[in-house]
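Here's a quick briefing to read alongside the model. Have the sequence and the 3D view ready, and follow along one topic at a time.

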Amino acid sequence: MGKQGSQKVWVAGSRGMVGAAITRRLETDGANLLPDPARATLDLRRQQDVEGWMANNKPDVIYLAAARVGGILDNATYPAEFIADNLQIETNIITAAAKLGVSKLVFLGSSCIYPKMAPQPLREEYLLSGPLEETNRAYAVAKLAGLELVRSFRLQHNCDFISVLPCNLYGPNDTYDAKHSHVIPALLLKFRAAIEEGASEITLWGTGTPRREFLHVDDCADAIVHLANTYSSDSPVNIGTGEDMTIAELADMLCAVTGFKGRIVYDTSKPDGTPRKVLDVTRLQASSWKPKIPLQQGLAQVWQAFCLQPWPLPSPEVSPRPYRRRA
Ligand code: GFB
């Protein structure tokens with residue numbers, strides 16, 4: 001796909017961490033970006049509104065980064081919202097894109113949708129080959145449905161829609177919330193609190209033994225735009241570094257980055273989640289893409305920016321809970 005100056009590009013979810021990184025990258029490329037409406041203006045869960053907005057704005061390329069996302073505890077606490085919101089968002093945008101004849105759509109899945117005990121490193125063909133990790137099963141089923149939507153419209157209607165599966169990401173625009181965040185922003189928050197308050201120890205969740213693969217979101221955005229321009233197939237593509245580490249090793253790296261000298265202790269009443277998630281990145285490497293930001297350097301960059309934020313952080317806005325528990 002040539003320079004996107006002429007094509008109208010919509011980054012759905014441009015206020016989230018990945019969407020913002022994709023937007024930054026496309027702005028550098030001089031892409032013709034459509035203004036991404038805020039949730040208050042366009043609720044992506046409402047199909048008629050999505051169809052109306054798309055019919056008026058006629059995007060040629062769509063990066064579908066809009067989703068309800070969160071860390072392990074958020075997923076385990078709000079499965080109804082995770083599956084309902086994500087199914088609605090992806091179905092509305094993908095079906096409207098097919099109706100409109102959008103020339104390219106990139107759908108974002110996640111490495112957490114692989115079966116819990118799939119062989120490692122995770123190859124794209126292992127999807128749907130076994131039971132899912134309980135803590136984020138709702139989110140994973142929603143995202144697997146998104147992959148199937150992309151594949152079905154591609155095979156039946158020849159839509160040039162593709163799916164990508166990023167590993168755990170970190171970087172600018174992340175959510176810093178002790179309960180809801182993914183592990184890296186959650187730990188940065190804990191390290192900052194400990195340093196600001198002179199605490200002698202930091203408590204992490206689980207056992208510290210699970211292994212995770214981490215990629216800076218700017219590298220992820222670079223890979224996503226690269227694949228949008230070069231990749232067209234019904235098979236999804238893993239996006240990662242192909243290297244993993246234990247949560248304990250991540251904590252050690254954060255001690256080096258932040259200068260925290262106290263103890264790291266573990267609250268094993270909290271879930272570990274999937275024991276290991278490392279991606280096989282052969283398919284990505286075959287399209288001659290490589291990450292540029294080493295983890296320790298990326299963490300130092302994010303830590304530096306995080307420390308510029310006033311402390312304590314303002315409490316994060318809590319998204320409304322539309323569903324009521326039956327008495
Ligand atoms: O990033 P994370 O929340 O989600 O947790 P997953 C990664 C690992 O970090 C788990 C441990 O083993 C946690 O037990 N951990 C230790 C912590 N301390 C903390 C802490 O303070 N906060 C958090 N959050 N974790 C997610 C999925 O799984 O992967 C999402 O739930 C998403 O849907 C994401 O797909 C990529 O990596 O376990």
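A residue is called buried under 20% relative accessible area, exposed over 50%, and partly exposed in between, using a 1.4 Å probe and protein chains only. This is a predicted model, where local features need pLDDT of at least 70 and side-chain atom pairs count only at pLDDT 80 or more, while totals for chains, interfaces and linings use all residues. Residues are numbered from 1 along each chain as its sequence is written, and side-chain values use heavy atoms, with hydrogens and water left out. Helices (H or I, at least four residues) and strands (E, at least two) are DSSP runs, numbered from the N terminus.

**Residues with a positive phi**

- Leu128 sits in the loop between strand 4 and helix 5, and its phi is near 65 degrees, a positive value in a residue other than glycine.
- With 64% relative accessibility, Leu128 counts as exposed.
- Ser288 is in the loop between helix 9 (282–286) and helix 10, and its phi, near 50 degrees, is positive too.
- Ser288 has a relative accessible area of 63%, so it is exposed.

**Cis peptide bonds**

- Gln120 and Pro121 are joined by a cis peptide bond with omega at about -5 degrees, and Pro121 belongs to the loop between strand 4 and helix 5.
- Trp311 and Pro312 are also linked by a cis peptide bond, with omega about -5 degrees; look for Pro312 in the segment after helix 10.

- Helix 5 (residues 137–157) has 21 residues and should span 30 Å at 1.5 Å a residue, which agrees with the 29 Å between its end C-alpha atoms. The expected span is 1.5 Å times one less than the number of residues.
- Buried residues of helix 5 include Tyr139, Lys143, Leu147, Phe153 and Arg154.
- What do the buried residues of helix 5 pack against? Their partners are helix 3 (72–77), helix 4 (79–100), strand 4 (104–108) and strand 5 (161–166). Contact here means heavy atoms within 4.5 Å.
- Helix 7 (residues 217–230) is mostly covered, with 11 of its 14 residues buried; among them are Asp219, Cys220, Asp222 and His226.

**How helix 10 packs**

- Two packed helices are described by the angle between their axes and the distance between the axes. The axes are lines fitted to C-alpha atoms, for helices over the stretch in contact, and angles run from 0 to 180 degrees between N-to-C directions.
- Helix 6 (residues 183–197) packs on helix 10 (residues 295–307) at about 55 degrees, with the axes 11 Å apart. That makes helix 6 oblique to helix 10. (Under 35 degrees is roughly parallel, over 145 roughly antiparallel, 65 to 115 roughly perpendicular, and the rest oblique.)
- On the helix 6 side, the residues that meet helix 10 include Phe191 and Arg192; on the helix 10 side, they include Trp303 and Phe306. By class, the residues of this contact are 10 nonpolar, no polar and one charged. (Ala, Val, Leu, Ile, Met, Phe, Trp, Tyr, Cys and Pro count as nonpolar, Asp, Glu, Lys and Arg as charged, and the others, Gly among them, as polar.)
- Helix 8 (residues 247–258) crosses helix 10 at roughly 55 degrees, and their axes come within 10 Å. Helix 8 and helix 10 are therefore oblique to each other.
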